[in-house]
Amino acid sequence: MSTKLNAIQSVVQEAGPSLTEEQAAQLLIYYELLTEKNKVMNLTAVTEFDDVIRKHFGDSLTLMRAVDPESVKVVLDIGTGAGFPGIPLAIAYPHMQLLLMDSLNKRIGFLNEVIAELGLKNVKTVHARAEDLAGQTAYRESFDLVVSRAVANLSTLSEYALPYVNRGGRFVSYKSIRTDEELEAASGAIRLLGGETERIVRFHLYDMDRSLIVIRKERPTPKIYPRKAGMPAREPLGMAKPREKNAEKPLGKTAKPHEKATAKTAGKTAGKPVGKKHNPIREPNQKQVKRTAKVKG
């Protein structure tokens, strides 16, 4: 066995699972494909062999510290980027069926090359934003586990992820060790989206302090979530007022000043019911009528 294969097995075992020689060889090929493609496409800032197997492969496979991998069958990786944690999970746990989602089609193209080269039968990809597929029956509340190593605040990530998690399933967010303030800020959003924080797994891995935040899906996510593309990132729930159904107030009892003015103006328009748009083609104004009469005279 080569030195690199030995290194991969040793490093990954420290993170969590034990790999066969074949699985270590798949990760080595993945490393070579990643670094080669990275020369022409921005996939990762981490390219040194030792760094990749620790910061990408090893970190991705710490999942087993938070959930029992054998109990998980269908997994969604949101914002997978260059394939983390999805590809390492697919290699280490061939019984899992994984869907890798990313908003950049070039990255999806790279991942399809990796999947074909490694002969992975348990992985598919989809080019989409997380906000766009959550309303479709085929995806909504259809996954045992949703994972993400994406860089975003927990409130935003929860709005992306929890609509996809089935009841009783989990969302696991890979984070640094400093999570208390972020979790506190996101706690209202998590409950609103149907989740409850189950636990936080904190640990030191190699030279990194890491956390896995485990959120359990207890209730269905309201259908209005996730909001339209871009809103979860621009206005995270808990930091901005969530959109509510029928938020618009009818004109009447508590009309605002500009609404009252509109009502008064509308009432002065003779022969036209309030609220209906005036059609200038059907009803010419008085100036138009006078000009027409002068020409005829």
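Predicted model: local features only at pLDDT ≥ 70, side-chain atom pairs only at ≥ 80, totals over all residues.

Residues are numbered from 1 along each chain as its sequence is written, and side-chain values use heavy atoms, with hydrogens and water left out.

**Aromatic pairs**

A pair of aromatic rings is described by the distance of the centres and the angle of the planes. Rings of Phe, Tyr and Trp (its six-membered ring) pair if their centres lie within 6.5 Å; planes under 30 degrees apart count as stacked, over 60 as edge-to-face and the rest as tilted. A search of the whole structure finds five such pairs. Two of them are tabulated here.

| Pair | Centre to centre | Angle between planes | Class |
|---|---|---|---|
| Tyr30 and Phe84 | 5.5 Å | 35° | tilted |
| Phe57 and Phe84 | 6.1 Å | 50° | tilted |

Tyr30 belongs to helix 2 (residues 21–37), and Phe84 to the loop between strand 1 (74–78) and helix 4 (86–92), so that 54 residues separate them (helices, H or I with at least four residues, and strands, E with at least two, are DSSP runs numbered from the N terminus). Phe57 is in helix 3 (residues 49–60), 27 residues from Phe84. Through these ring pairs Tyr30, Phe57 and Phe84 are linked into a cluster.

Tyr30 and Phe84 are both buried (buried means under 20% relative accessible area, exposed over 50%, partly exposed in between, with a 1.4 Å probe and protein chains only). The relative accessible area is 5% for Phe84 and 0% for Phe57, which is buried too.

**Charges over rings**

A charge sits over a ring if NZ of Lys or CZ of Arg is within 6 Å of the ring centre and within 35 degrees of the ring normal. Arg54 lies over the face of Tyr206, 5.6 Å from the ring centre. The charged end of Arg65 is placed over the ring of Phe203, at 4.5 Å from its centre.

Helix 7 (residues 154–161) has eight of its eight residues buried, so it is largely enclosed by the rest of the structure. Among them are Glu159 and Tyr160. At its N-terminal end helix 7 is capped by Asn153, with a side-chain oxygen 3.0 Å from the backbone nitrogen of Ser155.

Thr35 lies in helix 2. A polar atom of its side chain lies 3.0 Å from the backbone oxygen of Tyr31, and the Thr35 side chain reaches the backbone oxygen of Glu32 at 3.2 Å.

Definitions and conventions
Polar contact = N/O pair within 3.5 Å; in protein donor to acceptor, adjacent residues only side chain to side chain.
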